[in-house]
Amino acid sequence: MEPIALKGLEPVQPGYSRLLGHYLRPYRGNVALLALFLFSSIGLQLYIPQIVRSFIDQATHGAALQALTRLAVLYLGLAVINQLLSAASTYLSASVGWSATNQLRTDLFRHAVNLDMAYHKERTPGEMIERIDGDVTGISNFFSQFVVRVAGAALLMLGILVLLWREDWRVGLALTVFVAIATFILHRRREIAVAATRQEREASAQLFGFIEERLAGLDDIRANGAGRYAMQRFLQTQREWYRWLRYAWMLRAGIWLTMGTMFSLGYILTLGLGIGLFQAGAITLGTVYLFYNYMSMLEAPLEQITQQLQEFQKAAAGMRRVSELMAVERTVLDGNKAPSAHKALDIEFRDVWFSYEDQQVLKGLSFRLEAGQTLGLLGRTGSGKTTLIRLLFRLYDPTQGQILLGGADMRAFQLSELRSHVGLVTQDVQLFHASVRDNLTFFDSSLSDERIRSVLGQLGLLEWLEGLPQGLDTELRAGGSGLSAGESQLLAFARVFLKDPQLVILDEPSSRLDPATERLLTQAIDRLLEGRTGIIIAHRLETVERVDQIMVLGHGEILEFGSRTKLAADPHSRYHTMLQIAGEAGMDDQLGRLGA
């Protein structure tokens, strides 16, 4: 595919620290403010229990109502401030997380779009959507909260332990040991669910891919009575996803269950020590509450760390899959030259071989098409016609040999420049859910409405355009729903006219049209090919009646190549034989009889 140039950060290979540093750097001001709010909240959380202890101790000793009121007002005021800080932290963390992950989505999309066609051929659109969106969503919490919240939780635990040691060394020692054991257990189990979560995401991607494929083929599924089979396969795919989902959840939940058990023991320990010290007269009732309150406060940061580690396991699985996608490299590399500015370009294949993995598709193709000439390309399905065209667009590079365009090796051309000089019209026209204008110009705002109308006039589509409710601003539905096959095909021709390429490739453009529209399109083809080099892939002989050269492909080899008029006049040529039997059989049968 043509490289997509998107503004923003350059993608990096995701290591955890590099990933954080790279994508959070543009938001470092918000991250610093988030840290300030969190740490201020921590200070208030440590101080507020001291106010409650003073209130309890003064109340039990009969303090004046005015003093107790001051403590209560101070407590409520600081509690409100703490809640405001918490709300601001939540907002900032969400803002930072989504901003950073949206940038990551942009980089992933750019990288995926620029990968070779071979990569996309092996993956469904649903799977790619899950990779670019689903996995990145799983990473959003890692960006927005992980480091700040884990650091904040650790700082809160440290502050609590310091205050407990100041109150009573025995309680401080007991809860320090408790925190050390809990931290050790968390560390040991930090990645216990990463592998299972990664499999869960993979199964989710497969499920999305399955749904996308079945929805795309819904008409065929219904028409052929395959609904029961499709549902059975859907349930099998969904069952596999649910199996990994449940397994990964159970592993992640195991951390929470472990910590819940430990905190139950911690509360028993704290209350036991507090009651014993109070009965011995070593501490006040308010201090017993203080110990309990600090123990409950220890639960919050440890649970925060536990929760963040569970989220980290999701993020780690997502980051590994993102890393795998980022690590895929292109083999079709950009050059730095542009094709010649001549209106028509010659094409030359020099001993070109091509294979898909271990399947040999093209075998030693060598031919030359002069600038301004047109070539009719004939051959049975699987003969290599489509592959030859893909090589001319550099969707793939030859396994062996050279392709020259305008006398220069195509590998030397910048891909965007090369593809701006080559126009293609296929049988299966891709239309977007966008306006008529955007569908014709591929969202190029530099093309004027006058130019668009002029091209539509040449194709006889002005009357059709005037009949649309909003003219060029009329929204078309995805896939061209609501348009006839002829209208879709003519719109595809208009695209090529607007592009004004030097090489035009037509893949049986008239095969889906009625005779009247076909005559209209034939006139447009003649105008489009005038003075340009052209290749027409034909399944009907009528399509190549006016080309200069004929090539017959079979099993990836050139079976016949030469002047159309000479081949038509040669009784021993394959093309001549096709013409002789054209009235007796369809094109595919003709090619089959000839062994093409």
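The questions and answers below concern a predicted model.

Colleague: How many helices and how many strands does the secondary structure of the protein come to?

Modeller: The protein has 596 residues, of which 47% count as buried. Among its contacts with a separation of 6 or more, 77% are between residues 24 or more positions apart. The secondary structure itself comes to 20 helices and 10 strands.

Colleague: Which helix supplies the largest share of the nonpolar patch?

Modeller: The patch covers about 500 Å² and is made by Trp165, Trp169, Leu173, Val177 and Ile181. Trp169 has a relative accessibility of 53%, and because the cut-off for exposed is over 50%, Trp169 counts as exposed. The largest share of the patch, 4 residues, comes from helix α6.

Colleague: Is Asp168, which forms a salt bridge with Arg170, buried or exposed?

Modeller: The closest N and O atoms of Asp168 and Arg170 are 2.9 Å apart. Arg170 has a relative accessible area of 37% and is therefore partly exposed. For Asp168 the relative accessibility is 7%, and since buried means under 20%, Asp168 counts as buried.

Colleague: Over how many bridges do strand β1 and strand β2 pair?

Modeller: Strand β1 spans residues 347-356 and strand β2 spans residues 359-369, and the two pair in the antiparallel sense. Their hairpin has 2 residues between the strands, and there Glu357 takes a positive phi near 55°. Strand β1 is also joined to strand β4, with which it runs antiparallel, by 5 bridges, and Arg350 stands opposite Gln402 in β4. Between β1 and β2 the pairing extends over 7 bridges.

Colleague: Which residue in β2 is the bridge partner of Glu348?

Modeller: Glu348 forms a salt bridge in which the closest N and O atoms are 3.2 Å apart. The bridge partner of Glu348 in β2 is Arg368.

Colleague: Which residues are linked with Arg368 in a network of salt bridges?

Modeller: The side chains of Arg368 and Glu370 meet in a salt bridge at 2.9 Å, N to O, and Glu370 counts as partly exposed at 37% relative accessibility. Arg368 also forms a salt bridge with Glu348. The residues linked with Arg368 in the network are Asp346, Glu348, Arg350 and Glu370.

Note on methods
Residues numbered from 1 in each chain as written. Predicted model: local features only at pLDDT ≥ 70, side-chain atom pairs only at ≥ 80, totals over all residues. Heavy atoms only, no water. Buried < 20%, exposed > 50% of the residue type's maximum accessible area, 1.4 Å probe, protein only. Contact = heavy atoms within 4.5 Å. Patch = residues over 30% accessible without salt bridge, like charges linked within 9 Å, V, L, I, M, F, W, Y side chains within 5 Å. Areas by Shrake-Rupley, 256 points an atom, 1.4 Å probe, with all protein chains shown as cover. Salt bridge = Lys/Arg side-chain N within 4 Å of Asp/Glu carboxyl O. Pairing = 2+ DSSP bridges.
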